[in-house]
Amino acid sequence: MIDALEADALTKELLLKYLGQFILIGMVSIIFSRLIRQIPLKLCHKIEYELRADVFAHLTKLDQEYFRRERTGDLMTKLSSDINIIRDAIGQGLLQGIRTLITLISALVVMLLIDPQMTGLLFAVFIPTTLVFFLILRVMRRYQQDLQEHISEVSNFCQESFSGIRCLKGFALEKRRNSQFENLNSGLIRKTMRMQGTRQFLFPFMAFCFNLATILIMIIGGKRIIENNLSLGVLTQFSQYLFYMQWPILALSWVMSLMQRGKVSWIRVKAILETEPKIADFDFPEPEKLEASIQFKNLDLEIGGQLLLRNIDLEIPAGTTLGITGPTGSGKTLITSLVARLIDPTSGTVKIGGKDIRTVSLSSLRGMIGYAAQEPVLFSRTLEHNIGFGVENADQDLIGWAAEIAHLHGDIEGFPEQYKTMLGERGVTLSGGQRQRTSISRAIARRPDILILDDVLSSVDTQTEAAIMKKLQPVMNERTTLFVSHRVSTLRYSDEIIVIENGKITQRGTHNELISKPGYYAELNTMQQLQEKLEKGR
Amino acid sequence: MNTAKRLLSYSLPYWRWLLLALILILITTLAVNALPLILQRITDACFVSTETPAEKRITLLFELGAVFLFLAAFGHIIRYAQALLTVWIGQKIIYDLRLAVFQKVLRMHQGYFDRTAVGTLMSRVTSDIERLQHFVTEGVVGSIADLFMIFGIMGYMLFMSPILSLTIFATLPLLFGVMYFVNVKLRDANRDIRDRQARLNALVQEDLTGMTTIQLFNREAAAISDFNERNTHLRSAYFDEVRWFSLYFPCIESGQALAILLTLAVGGFSILSGSEAITLGTFIAFLAYVRNFFHPLGSLSDKAGSFQIAMASVERVFNLLDEEEQIKNPDSPVEPNRIAGSIAFNDVWFAYTGENWVIKNLSFSVEPGQVIAVVGATGAGKSTIINLIGRFYDTQKGAVTIDGINVRDFNKHDLRSRLGYVFQDPFIFTGTVADNIGLQAPGIERSEIIRAAKTVNAHPFIEAMPQGYDTELNERGEGLSLGQKQLLVMARALAQNPELLFVLDEATASVDTATEMLIQDALAKLMANRTSIVIAHRLSTIRHADRILVMRHGELIDHGTHDELMARGGYYKQLYELLLHSPE
């Protein structure tokens, strides 16, 4: 068209024809342009959805040890931002990558066809430019990483200051803490500036290189025009293509870094999906109801190279209570975890009703068990929901009964909406003892054949403890119970008591048998009695 | 004050730099947009006009080319400088804000922390501030640069050809209207996405921490279906966003195409009709301008969208800064040289919320050097007493005095540095063992730290750690047992050498027998020769106390020595017997 203009050969008809073509092509390309965005973007959100659902479903299968090892924050990041990055890499990568390649290749072909010499010139400018660009990008990324680390240092510092606020105020540390924060904060400026120093350089640098290419084409092409070797139209067309190529090249580097990040995130997310659940579950035929007796046979447990349980042999007849005690960290909780298959033994077996629990499906095994942990996890739902957590369609009576047994009913009456009270940030915050009692109710609401109470009264004060034990005792008597405790007063009613020290059962017997044998239990008993007697003697 | 205005006030200290940034933006705009003008000159003067001889035209071509390059280099260098300056100003403003928020949080009273989750505070100092930073550097200053760019281009276009320019500008209101509409829709969609993502995250967070519980209670399927419900919700919000987003660029592209079309049409006809107003060079320069024009236009309307989001963050940050600090320092604090250490509660009433009195009409006094044990069932208001002494909370009625001076008349810092605290839950800071004991207080020597540790029986286990006193601990104090943490915290309290007062909240959690003995011994040493108030759970502490206060439902129901109280029978005796857990 420019050529026609120059040659004065352009008539009105011809102009109209060109304009008509332009409009038509424009309309088609706009519709096309929308589709080309909508399709890959929708696709990538679908992928994101599926991926997230898969990862979560997989997580529900993983064992306790995994969750203890991985930090929740890390897993959260993987489920949210990592998956988002993967989605962007797929979506934008597809979208921009394809567009860019198409534009670049087609522009290149056309340019080569029109004038190879000038195309060569363009490449002489572009190739070094692109190389330098990537070099800067790499430096920038290093600074970026550096900055990111500093940012997380700052946020860790804040986190610690806020969660330790009482200690901080108690020791009047505010000033010292503030000045430390100021240092970290200034570091943030310094590192940001260093990163931005490279980042902000990119755009002006690229823009200048395009200016350079433009003017080179103008000068070299222009010389040839003046020498009548080239038409002005070709030159204009060339500079138009140059403009077209400007964004795709910039976009290309962006897409490449996006893909790079996507790959890193994908590796992180894949690691979750590839983690095999250590507790293998198979679809075993539903057995007839197992008898609630528990046997440990010659059992060893090793975690991370440490032998945590050694040579455990246990026989717990159905309907009896086993008391477990021992120093902190000796392996008491591990025994209870083994029964619920939160962990599998390294060697030896755990049997319920004479059947190896590894040949029972996890759901029917755990269906028999009511488990209350020392530090229970409650959910931000209603109290009712939390107590009836392990029961399908729990009714009011059951929940009320369970709360009553755990001596929780009175507390609940005092809450704004009784059983409908929300727990957590949007509702009431329970005290440690209330949490433990809720967890006891949750366990017994299942009316389980096997009841596991793992040091569940440690945060409960002594008065409440006595009250709970009184109500809990009949419930414990009806079922097989594993009862972990530090207090002789609560242990003494067990049918058998074992003492675990350093992963080994060092003592076993009834309360009366054990107090007459020298050892941990007798010591514990005398210590608690000594204090008692000391008082009475006064 | 208006939020935006208030944000602006944070930039006031840097107005000189901002002015400089504006000038640099202006220079960049002028320089960079002059480039197509030179291209026009080249086309018109060197290529089209045939009157001047070829050599002259080539010389002119080289000259103009050199000017072009120089101008481009100059413009981009200035742009780089301007960008850095802008970023720096933004960082400075954010620095001030972040510091203000952090300091504010540390100044807040304990009651505020009771009802505000640490996570919420964290998102103020991290994500909200970060969003704000993005907005300030890229948003505000970027918009100014964009605006300048747009007006600059408009100016140059008008200068070159008023008719052509006006034709193109005529399409702008329509285009801007469409873009604004799409942007509003996009913003709504984005808000939905954020809300739904947050709800999904909350669920996931909880499920991940409670996964074992979920598995133990066979709730996996229910958890997955809850998750999928929220996940589907999130996806539909994303689909909404895609619908509008996919319209966005085609809008800009069609605007651009329309402008090119108009240029071609009007220009073409006007050249055809033999008008001299529009030359071929003008034509080419216009095509370049049109292209440059739409880029800032697009990014501008994009920033208009992010404005709303940033403003929400700003508002949250300002709300935090505006929180009332309930525990204030007095205007003219009393600073006695030394305090003897007598404490008195005079008719104190206190409630954490409303009229739920936790402390009712409490009066007692402690002589210097005495050890007072406070006993009572959970919720009797024991811990509240020590909270009131350190002014973590203020009383509603009555007064707490130290040496006859109302605690409200002390500077909070001064007051607390005279008190020594041992809290029930031992808090460990990231840092070395020595730092955790000395708290990096100026003037605390290593020898004093070791002495404190030895006194409370913490020295042996610290020595046994890999790097002894230089062993790095993390926040959770991993690798230390609960008992060891308690000893460490006692060493800390002792090393701070509080003037006369010790306030302790004894831990209830059980530790093994050997450690228990060490702790009891350490407690006795801590309290020797210092006025101490202990929320006691240990029999040994209670027995050795000079006086015991018996609390029940926020009231002081009895006091005296152990023997006196036992002789009197009643509630104390019951309590004591329960503490012994005597089942018979």
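Helix 11 of chain B is followed by B:Arg391, whose phi is positive, near 55 degrees; helices here are DSSP runs of H or I with at least four residues, strands are runs of E with at least two, and both are numbered from the N terminus. This is a predicted model, in which local features need pLDDT of at least 70 and side-chain atom pairs count only at pLDDT 80 or more, while totals for chains, interfaces and linings use all residues. Residues are numbered from 1 along each chain as its sequence is written, and chains are lettered from A and ligands numbered from 1 in the order in which they are written.

- Helix 11 spans residues 382–389 of chain B and is mostly covered, since 7 of its 8 residues are buried (20 or more other C-beta atoms, placed from the backbone, within 10 Å of the residue's own; exposed means 12 or fewer, and partly exposed in between).
- Among the buried residues of helix 11 of chain B are B:Lys382, B:Thr384 and B:Asn387, together with B:Ile385 and B:Leu388.
- B:Leu22 lies in helix 2 (residues 15–48) of chain B, and B:Leu22 is partly exposed because 16 other C-beta atoms are within 10 Å.
- Although B:Leu22 and B:Gln82 are 60 residues apart in sequence, their C-alpha atoms are 8.3 Å apart in space.

**Chain A**

- Chain A has 18 helices and 10 strands, and buried residues make up 35% of its 538 residues.
- Helix 5 (residues 116–163) and helix 7 (residues 174–226) of chain A pack at an angle of about 170 degrees, with their axes 9 Å apart; axes are lines fitted to C-alpha atoms over the stretch in contact, and angles run from 0 to 180 degrees between N-to-C directions.
- That angle makes helix 5 of chain A roughly antiparallel to helix 7 of chain A, a term for angles over 145 degrees.

**Contact between the chains**

- The contact takes 112 residues from chain B and 106 residues from chain A, where two residues are in contact if their C-beta atoms, placed from the backbone, lie within 7 Å.

Key. Angles under 35 degrees count as roughly parallel, over 145 as roughly antiparallel, 65 to 115 as roughly perpendicular and the rest as oblique.
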